[in-house]
Structure formats: C-alpha cells, structure tokens
Amino acid sequence: MAKSDRMRGMLELVSAGAVLVGLVFVGLELRQNTAAVEAASLQDQTESSILFLQNIASDPELTRIWMDGAEDRDQLDRVDARRHFLLVRTRWLRMQNAFRQWQRGTLSGDDWALYEGLICRSGMTADIQFESTWAEHKPGLLVDFVGFVESCWAGNQ
C-alpha cells in the first residue's frame with residue numbers, strides 16, 4: 001500500500017471520528033435543550049394556574065361569582081354571569097394549553113397526567129364550572145382538544 005493511500009485512509013478515519021464526535025455532541029445538546037423547554041413549559045403552566053387561583057382568591061367579588069356560579073349560574077345577574085363565563089373560559093384555555101404542550105412533547109407525561117385527571121374527573125363529578133358550561137365553551141376550543149375531553153368523559157360514564 002502506498003504511503004499516500006495510508007495517509008488518505010488515516011485522514012478518512014479521523015474525519016469519520018470527528019463526525020461521530022460531532023453527532024454525539026449535537027445529541028447531547030438536543031437532549032439538554034429538550035429538558036430546558038420542558039422545564040420552562042411546566043413553569044409557565046404552574047405560574048398560570050397560580051395566577052388564576054390568586055386572582056379569584058384575592059378578589060372577594062370574583063370569589064363570590066366563582067362560588068355562586070358553581071352553585072347556580074341562573075342566580076347571577078347578566079354582568080356576573082359574563083364574568084363567570086370568562087373565568088371558566090380561562091380555566092378551559094389553561095387546560096387546552098397543557099394538552100397542546102403535552103402533544104408537542106414540551107410537557108411531560110407525568111405533568112400532563114395531573115391536567116388529564118382534572119379534566120376527566122370533572123366530566124363525571126358535579127364540577128358545574130366544567131360540565132354544565134361545556135356547550136358554551138366547546139366552540140371556542142380546538143377540535144382535537146374537544147375530542148379528547150368528550151372521549152375522556154364518555155369513557156368515565
């Protein structure tokens with residue numbers, strides 16, 4: 001074998017090794033980036049839930065509307081009924097956002113299981129905020145999320 005052939009073979013081997021090392025590095029970076037995205041997604045979901053609950057808890061009027069609407073929405077006047085609708089819509093949008101992030105892989109299965117439990121149990125319990133207002137909120141939500149909710153509720157009955 002000629003010296004130039006051996007040199008070419010060595011260079012090809014070194015080049016292949018460098019490509020392999022580069023691919024390993026890219027794989028590690030991708031894994032770290034995915035973990036960072038998942039962490040940020042979970043943090044956003046948690047902050048959204050906390051803010052929602054704090055807003056209701058810290059405002060006596062919203063607390064009253066939330067509770068009265070849960071017991072009997074028909075007792076609310078027109079303005080309070082609308083505020084109650086918007087509070088429940090906010091809750092549905094948070095659940096839909098968690099669903100979409102889970103679908104995209106930015107919310108882990110374990111974290112999604114918490115939201116899934118809230119949604120699925122709501123369909124079979126007396127959670128008036130969810131079940132009784134579903135027909136009103138359903139048209140404003142994404143089709144795949146609506147399908148998930150309805151199949152989840154149908155499976156629990």
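Is Cys120 buried or exposed? Cys120 is buried, with a relative accessible area of 12%. The points below set that residue in its surroundings.

1. **What kind of model.** This is a predicted model. Please read every distance and area below as computed from it.

2. **Overall make-up.** The protein has six helices and zero strands. From the N terminus on, the order of elements is α-α-α-α-α-α. The chain has 157 residues, and 29% of them are buried.

3. **The disulfide.** The count comes to one disulfide. Cys120 and Cys152 form it, with their sulfur atoms 1.6 Å apart. Cys120 belongs to helix α4 (residues 109-124) and Cys152 to helix α6 (residues 143-155), so the bond ties together parts that are 32 residues apart in sequence. A disulfide is a covalent bond between the sulfur atoms of two cysteines. Cys152 is buried too, at 10% relative accessibility. Both values, 12% for Cys120 and 10% for Cys152, fall under the 20% cut-off for buried.

4. **The core.** The largest nonpolar core has 24 residues. Those with the most contacts inside it are Trp92, Trp112, Ile119, Phe145, Phe148 and Val149. Helices α1 (3-58), α2 (60-72), α3, α4 and α6 each supply at least two residues of this core. In soluble globular proteins, nonpolar side chains tend to be buried together.

5. Trp112 and Ile119 are among the core residues with the most contacts, as is Phe148.

6. **Trp153 in α6.** Trp153 lies in helix α6. This tryptophan is buried, with a relative accessible area of 8%.

7. **Leu141 in a loop.** Where is Leu141 found? Leu141 sits in the loop between α5 (134-137) and α6. Leaving aside neighbours within four places in sequence, Leu141 is in contact with Trp92, Leu93, Gln96, Trp134 and Val146. Trp92 is one of the core residues with the most contacts. Leu141 and Arg89 are 52 residues apart in sequence, and their C-alpha atoms are 9.4 Å apart in space.

8. **Helix α3.** Residues 78-103 make up α3, which has 26 residues. From first C-alpha to last, the helix reaches 37 Å, close to the 38 Å expected at 1.5 Å a residue. What caps the N-terminal end of α3? Asp77 does: one of its side-chain oxygens lies 3.1 Å from the backbone nitrogen of Val79. Gly105 follows the helix, and its phi is positive, near 85 degrees.

9. **Helix α2.** This helix has 13 residues. Its reach from first C-alpha to last is 18 Å, close to the 18 Å expected at 1.5 Å a residue. At its start, a side-chain oxygen of Asp59 reaches to within 2.9 Å of the backbone nitrogen of Glu61. Which residues of α2 are buried? They include Leu62, Ile65, Trp66, Asp68 and Gly69. An α-helix has 3.6 residues a turn, so residues three or four places apart point the same way.

10. **Met67, also in α2.** Met67 lies in helix α2. At 46% relative accessibility, Met67 counts as partly exposed. The C-alpha atoms of Met67 and His84 are separated by 9.3 Å, and the two residues are 17 apart along the chain.

Terms used:
Residues numbered from 1 in each chain as written. Predicted model: local features only at pLDDT ≥ 70, side-chain atom pairs only at ≥ 80, totals over all residues. Heavy atoms only, no water. Helix = DSSP H or I, 4+ residues; strand = E, 2+ residues; numbered from the N terminus. Expected span 1.5 Å × (residues − 1). Polar contact = N/O pair within 3.5 Å; in protein donor to acceptor, adjacent residues only side chain to side chain. Disulfide = S-S within 2.5 Å. Buried < 20%, exposed > 50% of the residue type's maximum accessible area, 1.4 Å probe, protein only. Core = buried A, V, L, I, M, F, W, Y, C linked by side-chain atoms within 4.5 Å. Contact = heavy atoms within 4.5 Å.
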